[in-house]
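Please keep the sequence and the structure in view while reading.

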Amino acid sequence: MKRILVCTLVSALMVGCGGGGNGSNLESVNEETGSPGEGEDNGTVTPGDQITALEGSWKKQCGNVDGESHYDIVTVSFTGGRYTTSIENYIDSGCTTPFQDAPNPVASGDFSLGENILLGDGVTATELNIHVTQFNGADFEIYEYDVVYINNNVLYTGIESGSSPDLRPTSLNYNRPFYRLN
């Protein structure tokens, strides 16, 4: 049970904001909020009035949780410099039968976008810094470091987020991307 909770939390933290679909990057798309990256300093939050390409909701379709025998659906929403995420756990590959013994965690917090970085496969992704402040209603204090990339309304995150900037992933998970809902 403890392993399931940790795996679902890691899955929730791996959701993020993406980089450069169609030649664009994830910097501010609201020209009145200042220059891109303004107010960001080594993982501080994106200013609340800054709109990024992540704005809106994204959903990861039903799929197997890596290293586990259950399946999940992950939804994440970005509004300004805040995000929320929820995970629904299931016992079947069609995600129709809820996994009764697994939690369906909800997390929220702040995020910031960092620099664009060139990954080993030639894709230019964007650094994502996440600060989880709430997990299932309880105060939380976790920082995660990821990379993200958006292409044609599909959001790809790193294979596994790191616990420090030095442990940030250097490749994307192309197997289970997020699709824009709105």
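Aspartate 110 counts as buried, because its relative accessibility is 15% and the cut-off for burial is under 20%. This value, like those that follow, comes from a predicted model. The side chain of aspartate 110 meets that of arginine 82 in a salt bridge, with 2.7 Å from N to O. The two partners belong to distant parts of the chain, since aspartate 110 is in strand E4 and arginine 82 is in strand E3, 28 residues apart. Arginine 82, for its part, is partly exposed, with a relative accessible area of 38%.

## The other salt bridges

Side chains of opposite charge can pair when their charged atoms come close. Searching the whole structure gives 3 salt bridges. One of them joins the side chains of aspartate 72 and arginine 176, at 2.9 Å from N to O.

Because glutamate 127 lies in strand E5 and arginine 168 in the loop between E7 and E8, the pair ties together parts that are 41 residues apart in sequence. Arginine 168 is buried, its relative accessible area being 11%.

Lysine 60 is found in strand E1. When its neighbours within four places in sequence are left aside, lysine 60 is in contact with Ile73, Val74, Arg176, Pro177 and Phe178.

## The disulfide

The structure holds 1 disulfide, which is formed by cysteine 62 and cysteine 95, with their sulfur atoms 1.9 Å apart. The link of cysteine 62 and cysteine 95 is right-handed, with 80 degrees about the S-S bond. Since cysteine 62 lies in strand E1 (residues 56-64) and cysteine 95 in the loop between E3 and E4, the pair ties together parts that are 33 residues apart in sequence. At 28% relative accessibility cysteine 62 counts as partly exposed, whereas cysteine 95, at 10%, counts as buried.

## The nonpolar cores

How many residues does the largest nonpolar core have? This core has 18 residues, and those with the most contacts inside it are Leu54, Trp58, Phe78, Tyr83, Phe111 and Leu155. Two or more residues are given to this core by each of strand E2 (71-79), strand E3 (82-90), strand E4 (106-118), strand E5 (124-135) and strand E6 (138-151). The largest share, 4 residues, comes from E5.

Apart from this core lies another one, of 8 residues, among them Val123, Ala125, Val147 and Tyr149.

Note on methods: Residues are numbered from 1 along each chain as its sequence is written. This is a predicted model: local features need pLDDT of at least 70, side-chain atom pairs count only at pLDDT 80 or more; totals for chains, interfaces and linings use all residues. Side-chain values use heavy atoms; hydrogens and water are left out. A nonpolar core is a set of buried Ala, Val, Leu, Ile, Met, Phe, Trp, Tyr and Cys residues joined through side-chain atoms within 4.5 Å. Buried means under 20% relative accessible area, exposed over 50%, partly exposed in between (1.4 Å probe, protein chains only). A disulfide is a pair of cysteine sulfur atoms within 2.5 Å. A salt bridge is a side-chain nitrogen of Lys or Arg within 4 Å of a carboxyl oxygen of Asp or Glu. Contact means heavy atoms within 4.5 Å.
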